[in-house]
Structure formats: C-alpha cells, structure tokens
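Dear colleague,

Please find the structure below, together with a short account of what was found in it.

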Amino acid sequence: MPAPFLILEEIATEWMGTSFDAARNPSTGSGCFRDLLIMLSLLRLFFRLLYHEFAFTYDWVSWFVSMGQWRSWQRAALPYLRGRRVLEVADGTGDMLLDMAALGFEPIGFDLSPQMGRVARRKLRAHHLATRIPLTRGQAQALPFASASLPAILSTFPTEFIVAPAVIAEFYRVVQPGGVVVFVPSAQITGLNFADRFAHWLFRVTGQSASDWFEPFRQRYAQAGFAVRLETVTLPRSVVAVVVAEKK
Ligand SMILES: C[S@@+](CC[C@H](N)C(=O)[O-])C[C@H]1O[C@@H](n2cnc3c(N)ncnc32)[C@H](O)[C@@H]1O
C-alpha cells in the first residue's frame, strides 16, 4: 500500500477509537468510517496482488496510472544520491537499477517480493547486468547489510514500510554518517489534457497524492536522527515530491 494510506488509516482508526479489525465488524464499526476502512482493505488487497501474483503487470499499471510519467517520477530522485554504492530498497521491477548503473552508480536491489525480483532479474539479464547488480530479498525491517556501510539508500514509491520505526532505525544503522536516504513518496499530475485530469483523479482517490503527508514523515525521520527536507521537482505535466533524509 502506498505510504499515504498508512497515515490515512492511522487517522481514521484513531478517530474511531477502535481497531481496524473492529471497524470491519458490522456490529462494532459504523457509518462512513467503516466504509472507508473496507475500501482501504480492498486497496490493500489490490496492491498486494499487484506486487506479487500480478507483478508481471506492474510496469504497465504504473505507466497507465501516471499517464506515462512513472519513469520520470522515479528518476527525479537521482540528483539527490551520494557516493557510488546505492541500496535500492523495494526496487520492484528493477528499472532504477538499470538507470543507476548507466550513470556509474553501483546499485544493489532489495525487495520483499520474489515475483517482482523475477521481473527485475529478467531485465538485468537482458542488459547483461545480472552479474554486476546484486538482487537481494527480504524485509526492509531487517536489512542484511553491515552498519554504516552505504552512502545512500533509494526508494521510489515505497509502501508503508517507509514510515515504520523499525525500518527507519535500519536505514539509520546502514547508512554512513553524512549519507542519505532518498525516497519518492508521491507525485501530483498537473497537466490539463483529459488523460492527465483522469490520472490526477485516479491518484487522488487511491490516496497517491495526499497533500499533508510530509509532516509525519519528517517527524519520524527526525526522531531517528536524520535531517529531513522535502524537495519538489517540477516536470512539464507533474510535480514530484522527493524526501531527502541525511544522517547527521
Ligand atoms: C509501489 S512498489 C514500488 C516499486 C518501485 N520502486 C517503483 O518505483 O515502481 C512497492 C514495492 O515495495 C515492496 N515492498 C513492500 N513491503 C516491503 C518491505 N517491507 N520490504 C521490502 N520491500 C517491500 C513491494 O514488493 C513492491 O515491489
């Protein structure tokens, strides 16, 4: 589930004063909040399938919901990276690994989903990079990398793990002092043609372009010891948010 959903779910659950499961139970949940939480759980299911059983459709779906802008949105993070070795957490189908290798970085892929990993591996093989770029698998909550071993971590369109305290602690442990965690949580379509307006609406109803998501991100990363800033990158038909968290 995209990170803004986590915040939405937390707020809704807090207002209701009850748990997510209780809210789904017709005898305890009530009215529009119950409907909201049911919708959120359906969206969760959709995203779970997209990252696993339907991973082979991911590139097409991301292209469609962004009206062809997904790759530009991902690339908006590149200028903020540091050093050469970059751990891409939740690398998905691996496109950014190819981009980073082309720019002279030494990327390492890391993702939870074996199905996404298979798609990424096929792309690396097609570019003769399968032996140069390691693809690793696991949960961001427990990164299999030594402390202070990397100058940069990248994550584009991560799910809610990006605000989990255990993950932020892992990022802090693995990144070198002066190193950065760079992530792209969200983008907003600003183009005015019909397709762009439709994509803007789709992003809004699926929680992809929440406008007030940054403060919870900032607080959690600042508490862990990062200096956090939000960069906004303006493209011809969209605006991309890039969060840069520097380990002090
Ligand atoms: C929205 S996709 C983003 C993929 C890619 N970065 C992109 O920009 O298209 C989210 C990815 O996060 C991965 N993921 C979800 N939870 C994770 C976790 N706890 N640890 C590592 N990867 C995770 C999923 O398998 C999926 O590939």
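Which residues are the closest to the ligand? They are Ala90, Gly92, Leu112, Ser113 and Thr156, and 18 residues surround the ligand in total, a residue being near a molecule if its C-beta atom, placed from the backbone, lies within 6 Å of it.

Two remarks on the source apply throughout. This is a predicted model, in which local features need pLDDT of at least 70 and side-chain atom pairs count only at pLDDT 80 or more, while totals for chains, interfaces and linings use all residues. Residues are numbered from 1 along each chain as its sequence is written.

Helix α6 covers residues 95-102, and Met96, Leu97 and Met100 are buried in it (20 or more other C-beta atoms within 10 Å of the residue's own, these atoms being placed from the backbone; helices are DSSP runs of H or I, at least four residues, and strands of E, at least two, numbered from the N terminus). These buried residues line one face of the helix, because they fall within an arc of 105 degrees when seen down the axis of α6 (the arc of the directions from the helix axis to the C-beta atoms). Just after α6, glycine 104 has a positive phi of about 95 degrees.

Lysine 247 belongs to strand β7 (residues 238-247). Lysine 247 counts as buried because 22 other C-beta atoms lie within 10 Å.

With kind regards

Terms used: Buried ≥ 20, exposed ≤ 12 C-beta atoms within 10 Å, placed from the backbone.
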